[in-house]
Amino acid sequence: MEISTLRKAGGVALAVGGILLALYAALFNLLLPTDMMETDFAGLVLSPAWIPVCATALVAILLLAFGFIATYSVLARTSGILGFAGFVALMTAYLFQFGELVMETFYYPGIVSSPDGVALFRSDAMINHPAAKAFVVIFIGTNALAPQAFAVSLIRSKAFPKLGGILLIVGAALYAAAPVLVVNLAGIVIFAAACFIVGRATAKAA
């Protein structure tokens, strides 16, 4: 397959992934009892909308990962070490996100299907364990910093609109800035808009 075809497909994947990410943010807020996020997470997972909403995010992340690989193929010759480091960091962040979403989509519903599983969630054992705390630190760190480094390469490149890189920085920063649902969702929507812009540019660069 020609590299131009792969880039076009990657650009489309990035744009569609951005749309799905924004859709996920909207559905999460509209269909799920978000007021239970802090008080009864098990009840949130038991919601009939939980699996479809999480599955939407899972598909979005898969498309975004493929799309950013195509984007980097356009940047690779001119972005230097910073671009490569940003790309590696971004793929690492998506691996962590993918793992988290697989757990949320396929395993969490199974855990809360039994009284013992519900009790496990409500005891906060899964978030207070040292390994879980370490994962949260790495997860937030990679998702906050990786897009920033990659976005700098986008802004410096003549092949992509600077607006896409700027929105990527702002969206990632808001998503990781504070544990406030409204702020996080705003970050996701802005990040999704950046993905749409960069995706269109990637397809055109093919």
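# Contacts and helix packing in a predicted model

User: In which loop is Asp-124 placed?
Analyst: This is a predicted model, where local features need pLDDT of at least 70 and side-chain atom pairs count only at pLDDT 80 or more, while totals for chains, interfaces and linings use all residues. Residues are numbered from 1 along each chain as its sequence is written, and side-chain values use heavy atoms, with hydrogens and water left out. Helices (H or I, at least four residues) and strands (E, at least two) are DSSP runs, numbered from the N terminus. Asp-124 sits in the loop between helix 4 and helix 5 (125-128).

User: Is Asp-124 buried, partly exposed or exposed?
Analyst: Its backbone has a positive phi, near 65°, in a residue other than glycine. Buried means under 20% relative accessible area, exposed over 50%, and partly exposed in between, with a 1.4 Å probe and protein chains only. At 36% relative accessibility, Asp-124 counts as partly exposed.

User: How many residues apart in sequence are the parts tied together by Arg-122 and Asp-40?
Analyst: A salt bridge is a side-chain nitrogen of Lys or Arg within 4 Å of a carboxyl oxygen of Asp or Glu, and the structure holds one. The side chains of Arg-122 and Asp-40 form it at 2.8 Å, N to O. Arg-122 lies in helix 4 (residues 115-122) and Asp-40 in the loop between helix 1 (3-31) and helix 2 (41-45), so the parts that the pair ties together are apart in sequence by 82 residues.

User: Which residues make the nonpolar surface patch of about 240 Å²?
Analyst: Patches are made of residues with over 30% relative accessible area and no salt bridge; like charges are joined within 9 Å and nonpolar side chains (Val, Leu, Ile, Met, Phe, Trp, Tyr) within 5 Å. Accessible areas come from the Shrake-Rupley method with a 1.4 Å probe, and for residues only the protein chains shown count as cover. Phe-66, placed in helix 3 (residues 50-111), is partly exposed at 36%. The residues of the patch are Ile-3, Leu-6 and Phe-66.

User: How are helix 1 and helix 3 oriented to each other?
Analyst: Axes are lines fitted to C-alpha atoms, for helices over the stretch in contact, and angles run from 0 to 180 degrees between N-to-C directions. The two axes come within 7 Å and cross at roughly 150°. Angles under 35 degrees count as roughly parallel, over 145 as roughly antiparallel, 65 to 115 as roughly perpendicular and the rest as oblique. Helix 1 and helix 3 are therefore roughly antiparallel.

User: Which class describes helix 3 relative to helix 8?
Analyst: Helix 3 and helix 8 (residues 181-205) pack at about 125°, with axes 14 Å apart. Relative to helix 8, this makes helix 3 oblique.

User: What is the handedness of the crossing of helix 6 and helix 7?
Analyst: The axes of helix 6 and helix 7 come within 8 Å and cross at roughly 170°. That makes helix 6 roughly antiparallel to helix 7. A crossing is left-handed if the near helix is turned anticlockwise from the far one by less than a right angle, and right-handed if clockwise. The crossing of helix 6 and helix 7 is left-handed.

User: How far apart in space are Phe-135 and Glu-100?
Analyst: Phe-135 is placed in helix 6 (residues 130-156) and counts as partly exposed at 26% relative accessibility. Phe-135 and Glu-100 are 35 residues apart in sequence, and their C-alpha to C-alpha distance is 9.7 Å.
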